[in-house]
Structure formats: C-alpha cells, structure tokens
Amino acid sequence: MKIVMLGAPGAGKGTQAKMIAAEFGIPHISTGDIFRANIKEGTELGKKASEYMERGLLVPDELTLQLIMDRFTKDDCANGYVLDGFPRTIAQAEALTESLKKAGEALDYAIDVDVPDSAIVKRMGGRRACLSCGGTYHVTFNPPKKEGICDLCGGKLSIRKDDEPETVQKRLDVYHAQTQPLIDYYSEQGILRTVDGTQDVGEVFQSIQEILNA
Ligand code: AMP
C-alpha cells in the first residue's frame, strides 16, 4: 500500500499517518522528521534545510528529492509506505510518479485531511513535539499521558520553532501557493480521497480506514 497524505500544516496528517503505518505495517515517512533529525545531528543536509525551515519556506526540491529517493531504497519500503509531508510541490509529485512508473508501480491513494485555515491557526497554538524522538501531541486533542512528557520516550515536549504563530501563517501561505495544487493533480489521477479533518482524531482515522479497507 502506497499512500500520500495531503493537507495543510497542522491538519493532523502526521498523527493519522502514524496510525495508518501501525495499522497496515508500513513505514511512516515524514520528510519534516528526516530534516529535523539531520538538523539535530548537525549534518550538512540539516544545516542547509534549517535555513529554509526556520523561515517557514520549503526546502529546495533538489535536496528533498535526493533524501526521499534514498529513503525508498531501504528494505522496510518493500510493502509500501505512508508519506507525510512529501510531495509538497508539483515538481516533487511528478518526480515521484516518474520514479514509481520506472519500477512499474503507482500510488494507491492520496488522502487529503481537510481543515480550514481558521481552525488550523487555533490548533497550532496547542501543538507540542518531542525533540528526542519526533513524537507529536496536542494539549487538547491528543494530550500525552503526563503533561510535557513524551509517552514514547520520556523526552521533554516543546513548541517547534516552525509552529510559532508568525511561522504558521507563512507556512499556510506556502501551502496554498505550492502544495494545494497537488489536490487537483491527484484528483486527475483518480486516487484523491478527502476526509473531514475537523473531526476528532479517532473519527478521522475511522474515515481513513473505511477508504483503505474498501
Ligand atoms: P513538516 O514537519 O512536514 O510540517 O515539515 C516542516 C518543514 O520541513 C516544512 O515547513 C519545510 O520547510 C520542510 N519540508 C518538509 N517536507 C518538505 C518537502 N517535501 N519539500 C520541501 N520542504 C519540506
């Protein structure tokens, strides 16, 4: 099963992607998480990526494509994957389609987690992330068992720099300009499915399961 998650930053696609990955036994691949891991490790890629990420801009396609194509070669991708945060531009989507085509493969679904901007801005204020393992939470919608502490690794939770209010607005602007066109792109391919992302986490996941199990 090869799935692409679409939706604005803060729509909850990362949370859903992790749930899909666990349910279907496929890896959850988040380009944002890979970039953040590189930043933490201080790699060359991390240094380059952070210049863009801190300003709410997209990392250039060339760097992103190099990273994701390398990730696809890992053994755990043999039965598919759920992509979260990639593709984010038409150029990335076309590169993905082409590389799959060469291998005689194709995506199964592009799932758009639809949430209006006004709701996103409200939500982002409550987002918390574990800087140690990448676990994500929301103080109201998806709280950790113990306040401020990651359920998965016991690490300290904080607000990601790119979840701060001014960066959030910039990321939404970038999303509408560069990523929203992917909705038409996958609709034309006949694989777009839209779920109402304003429902609670469990309900959104149920809607997704209905699509994937159909
Ligand atoms: P995310 O965690 O998916 O919201 O990604 C955080 C940031 O990483 C984005 O705002 C971008 O700066 C960068 N990023 C993640 N995925 C991509 C991608 N596919 N193309 C370009 N930049 C990306």
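## Around the ligand

A polar contact is a pair of N or O atoms within 3.5 Å. Keep that cut-off in mind as you look at this predicted model. In the side chain of Arg88, an N or O atom is 3.1 Å from an oxygen atom of the ligand, so the pair falls within 3.5 Å and counts as a polar contact. Arg160 also takes part, with a polar side-chain atom 3.4 Å from a ligand oxygen atom. Val59 uses its backbone instead: an N or O atom there lies 3.0 Å from a nitrogen atom of the ligand.

Now for the strands. Five of them make an open sheet with parallel pairing, in the order β2-β3-β1-β4-β8. At the edges sit β2 and β8 (192–196), each pairing on one side only. From one strand to the next, the twist averages 25°.

Take a look at β4 (residues 109–114) and β8: they run parallel and are joined by five bridges. Asp114 has Asp196 in β8 as its bridge partner. Helix α9 (residues 201–212) packs on the sheet and touches β1 (2–6), β4 and β8. Its direction makes about 155° with that of β8.

## Helix α4

How far apart are the end C-alpha atoms of helix α4 (residues 61–72)? They are 16 Å apart, which agrees with the 16 Å that its twelve residues should span at 1.5 Å a residue.

Several residues of α4 are buried, including Leu63, Leu67, Ile68 and Phe72. The buried residues of this helix pack against β2 (28–30), α2 (31–41), α3 (44–53), β3 (81–84) and α5 (90–102).

Terms used. Residues are numbered from 1 along each chain as its sequence is written. This is a predicted model: local features need pLDDT of at least 70, side-chain atom pairs count only at pLDDT 80 or more; totals for chains, interfaces and linings use all residues. Side-chain values use heavy atoms; hydrogens and water are left out. Helices (H or I, at least four residues) and strands (E, at least two) are DSSP runs, numbered from the N terminus. The expected span of a helix is 1.5 Å times one less than its number of residues. Buried means under 20% relative accessible area, exposed over 50%, partly exposed in between (1.4 Å probe, protein chains only). Contact means heavy atoms within 4.5 Å. Two strands pair if DSSP finds at least two bridges between them. Axes are lines fitted to C-alpha atoms, for helices over the stretch in contact, and angles run from 0 to 180 degrees between N-to-C directions. A polar contact is a pair of N or O atoms within 3.5 Å; within protein, one must be able to donate a hydrogen and the other to accept it, and residues adjacent in sequence count only if both atoms are side-chain atoms.
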